[in-house]
Amino acid sequence: MCNFRMWYKSEEDVYVLQCVDCNTYQVRYRNAAFMFDTFTFTLFIEVVANLYSRVLNKEIEAPVNVPTFNQGMEMLFDKSALRQLHYLLDGADTEMKAAQMTSLFYY
């Protein structure tokens, strides 16, 4: 049974959780929820950041297909939804890194 820790929540149905027992991540975006292992979650963060950067620099046009690494499923995002997903993942990543940093001060 998973024991989830909330890392970041921007709206009622937009959040990132991590199971402290099995170390899996759940990203919920509106009516879709996806599970990731640690490596795939990190890859997902990088892919979304890269796509958002490319949309901002007008290298690619929105809507954008975002791979979820979950059995071939992809999500289609316009620019504002991609921005919201990017901020969600960036916020969760920042919270996780801050928790790692503070844990270094406790033995």
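**Asking why: core, surface and salt bridges**

Trainee: Which residues touch the most other members of the largest nonpolar core?

Mentor: Of its 28 residues, those are Val-27, Phe-41, Phe-44, Leu-82, Leu-85 and Leu-89. Keep in mind that this is a predicted model.

Trainee: And which element gives the most to this core?

Mentor: Helix 1 does, with eight residues. Among the others that supply at least two residues each are strand 2 (14-19), strand 5 (64-70) and helix 2 (79-103).

Trainee: What is Leu-85 in contact with, leaving aside its neighbours within four places in sequence?

Mentor: You'll find Val-27, Tyr-29, Phe-44, Val-48, Met-75 and Phe-77 there.

Trainee: Okay, on to Thr-68. Why is Thr-68 called buried?

Mentor: Check the number: Thr-68 has 0% relative accessibility. Buried means under 20%, so Thr-68 counts as buried. You can find Thr-68 in strand 5. Apart from neighbours within four places in sequence, Thr-68 is in contact with Phe-34, Phe-36, Phe-44, Met-73, Glu-74 and Met-75.

Trainee: How far is the backbone oxygen of Met-73 from a polar atom of the Thr-68 side chain?

Mentor: The two lie 2.7 Å apart.

Trainee: What about Leu-104: buried or exposed?

Mentor: Leu-104 has a relative accessible area of 61%. The cut-off for exposed is over 50%, so Leu-104 is exposed. Leu-104 sits in the segment after helix 2, and together with Met-101 and Phe-105 makes a nonpolar surface patch of about 400 Å².

Trainee: Now the charged ones. What makes Glu-11 and Arg-30 a salt bridge?

Mentor: Their closest N and O atoms are 2.6 Å apart. The limit is within 4 Å, so the pair passes. This pair links distant parts of the chain, with Glu-11 in strand 1 and Arg-30 in the loop between strand 3 and strand 4, 19 residues apart.

Trainee: Why is Arg-30 called partly exposed?

Mentor: Arg-30 has 29% relative accessibility. Under 20% would be buried and over 50% exposed, so Arg-30 lands in between and counts as partly exposed.

Trainee: Which residues does the salt-bridge network join?

Mentor: Asp-13 and Arg-30 also meet in a salt bridge, at 3.3 Å from N to O. Salt bridges with shared partners join Glu-11, Asp-13 and Arg-30 into one network.

Trainee: How many salt bridges does the structure hold?

Mentor: Five. One of them pairs Glu-12 with Lys-9, at 3.7 Å. That is within 4 Å, so the pair still qualifies.

Definitions and conventions: Residues are numbered from 1 along each chain as its sequence is written. This is a predicted model: local features need pLDDT of at least 70, side-chain atom pairs count only at pLDDT 80 or more; totals for chains, interfaces and linings use all residues. Side-chain values use heavy atoms; hydrogens and water are left out. A nonpolar core is a set of buried Ala, Val, Leu, Ile, Met, Phe, Trp, Tyr and Cys residues joined through side-chain atoms within 4.5 Å. Buried means under 20% relative accessible area, exposed over 50%, partly exposed in between (1.4 Å probe, protein chains only). Helices (H or I, at least four residues) and strands (E, at least two) are DSSP runs, numbered from the N terminus. Contact means heavy atoms within 4.5 Å. A polar contact is a pair of N or O atoms within 3.5 Å; within protein, one must be able to donate a hydrogen and the other to accept it, and residues adjacent in sequence count only if both atoms are side-chain atoms. Patches are made of residues with over 30% relative accessible area and no salt bridge: like charges are joined within 9 Å, nonpolar side chains (Val, Leu, Ile, Met, Phe, Trp, Tyr) within 5 Å. Accessible areas come from the Shrake-Rupley method with a 1.4 Å probe; for residues, only the protein chains shown count as cover. A salt bridge is a side-chain nitrogen of Lys or Arg within 4 Å of a carboxyl oxygen of Asp or Glu.
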